[in-house]
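My entries follow in the order in which I looked.

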Amino acid sequence: MNLREFTEVVDRQSEKLERGDLLCLIRSIARKIPENQRQEFLEILDEVQKRQPHGEEQQAGFYAVHGADRQEIRTESDRLRLLFGQIRNGELYLKAQGYEDYSRSYWDSDWLWEYQDHGIGRIYEESARLMQRCVNTGCYHEAVQIFQQMMDTEVLVVNDWDDFHIGLEKLVKEKLASIDLDSLALYVLYAQYQVLQEDARAATIYSYYQIPFFRKIRLEDMLSIGREELKGLSRFWDDWITLLSKEEGDVPARLLMEAVRYQKGNSGLLEAARLAYAKHPSLYLEALKSLDVLHNYQEQIEIGTEALANIDHKYVYRSLIAIQTAEAAIRAKDEIQAEKCLAEAFRSHTTPLNYLRFINECSSPAAYHKILEKAIEDVQHGVYTAVHEKELEQNMVSENTYTALKFLHGDFAYTMDACRKVKGALGWTGTFIKSGIALFLLLLNKDDDWKQGCQELADQLVEDIGFTADEYLRGTKAGDCYGTTPARNREVFYQCFIQWKKHYSLDECQQREYMSWIETMIDKRVNAIVSGQYRNHYRIAAALVAACGEVAESMGEAAGKQKRMMKYRSKYPRHSSFYGSLKGFGMRDMGKRGKNII
């Protein structure tokens, strides 16, 4: 039950209560109030009592008290205005000393400042308290002015380098002022609502959400701030929803969903989605999720199909909707519809995980081969940068992800060419070759049981391609059966990779050619790492040696793993750290005469 529904029920029930019932209710509430909130409760009772116009004398006393409050507020406001003027003029300022902090990493430092404050933080704290008092007293214009003064004023920071300025948020972050910014935001929104004309409320209040610390504020929480009910809420919520429907971004999307739920409950999400899906596709997803508890899978399929037809395929959110619809189709025993949805999920978010899920869940992958190939060729790929706004995030992958997709779709020649572009044994960071060698070794491995070296490469690969068990199992028949955790990533990846290998393979000529090149490249890589004493890379170098030997053994070479490990053990007898890494992947100890001790 949201706040609106709760308030309406309370109002209806309160109208039926007699005086004795109300006294009993107040006492029951009082007994449940925590000790640290009892004084505030008493103040509320006192305020309510003062507002009761039982006679001219009581009314006069009420206005006298509030007149005194307003006078005190004006006096305090004038004092703080002068102090903020001194801050803006640079008469009041902070001193700071900067230094580099290497506590995280020797190579990655942070620049930190130590501040000397002689009262500026206290000025901001007193302003925040005064603003809250203004709201409680009904001085809403003054509250808005005080907040604006706090936001408009920046503090000069004098130091041994270049002087700079910091604002309210930085003061709080650096613990120079102890202010609850969430509470401050709610108070100013409430005050602003009270002073605005009806037709200006939605736009003005939305403008506050451009301020960073407002972006997580739930507007519904504003309703419980002041001691006066907000008038014109029905008109405001309609204007608010209309405005947010036209705005792009994650914040407007969240605010819109909250407003729709407050006004119409979950049933209003579908109506809002049909009107605003072009800018807020997430509304369709929330509408689908809201139907989960009702187990009305057929309705979910119909809504999901409608959403997939309406939303442009370039948006990642469409993929999430497709997966949600696939889950409903699976529960409805409609496997054909589920397959179609998983294909659309890959089309709108073209990732290795979505590819593997579709191939392994589809009853006839060959029928979709051209569709998947077109999705891979159409996807934007290149230098990928993470986006902060997810609502209209577009389907785009990095060059390395694109190459991994080509591998999974069976274009092994393209993938091997991408690996061979790297000529040196070092400098692999950011290139595809690390993932490429891991993928080819797992493909060449004829054993279904991965041993230590291949397991390590699989762990690295899972991280490189962004594979998680939780995400993979969504939209699959096993989705309800797994209690997945990130620790199971390799286990689930192993299962789906083994299944994937049933659809793609290498001929014997390719196997010999690729294995020969991979072993040559691994040999160069390991020699460069160990001879250069790059200790941080010893583990992955040992894993490459072990995995290469494990694959050779699966292809028929006897003791291939131990032979390769002993070769490097003999070549680098003084590198005990690397020797320890090899032992971690199964190398046997050697006796004094160089014989293996089993």
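For the packing entries I took axes as lines fitted to C-alpha atoms, for helices over the stretch in contact, with angles running from 0 to 180 degrees between N-to-C directions. Helices are DSSP runs of H or I of at least four residues, numbered from the N terminus. The model is a predicted one, in which local features need pLDDT of at least 70 and side-chain atom pairs count only at pLDDT 80 or more, while totals for chains, interfaces and linings use all residues. Residues are numbered from 1 along each chain as its sequence is written, and side-chain values use heavy atoms, with hydrogens and water left out.

**Helix 11 and helix 13**

I looked up helix 11 (residues 250-264) against helix 13 (residues 282-290) and found that their axes come within 10 Å and cross at roughly 40°. Helix 11 is therefore oblique to helix 13, since angles under 35 degrees count as roughly parallel, over 145 as roughly antiparallel, 65 to 115 as roughly perpendicular and the rest as oblique. On the helix 11 side I noted Ala 253, Leu 256, Met 257 and Arg 261, which meet Ser 282, Leu 283 and Glu 286 of helix 13, contact meaning heavy atoms within 4.5 Å. I sorted the residues of this contact into four nonpolar, one polar and two charged, where Ala, Val, Leu, Ile, Met, Phe, Trp, Tyr, Cys and Pro count as nonpolar, Asp, Glu, Lys and Arg as charged, and the others, Gly among them, as polar.

**Helix 22 and helix 24**

Next I took helix 22 (residues 452-465) and helix 24 (residues 489-500), which pack at an angle of about 95° with their axes 10 Å apart. That angle makes helix 22 roughly perpendicular to helix 24.

**Cavities**

I then looked up the cavities, each a set of points on a 1 Å grid over the protein atoms alone where a 1.4 Å probe fits but cannot get out, with lining residues having an atom within 4 Å of a point. The largest one has a lining that includes Ile 330, Glu 361, Gly 475 and Lys 477, and helix 16 (residues 335-348) gives the largest share of that lining, four residues. I classed the lining of the largest cavity as three nonpolar, one polar and four charged residues.

How values were computed. Helix = DSSP H or I, 4+ residues; strand = E, 2+ residues; numbered from the N terminus. 1 Å grid on protein atoms, 1.4 Å probe; cavity = no way out; pocket = protein on both sides within 12 Å on 5 of 7 lines; lining within 4 Å.
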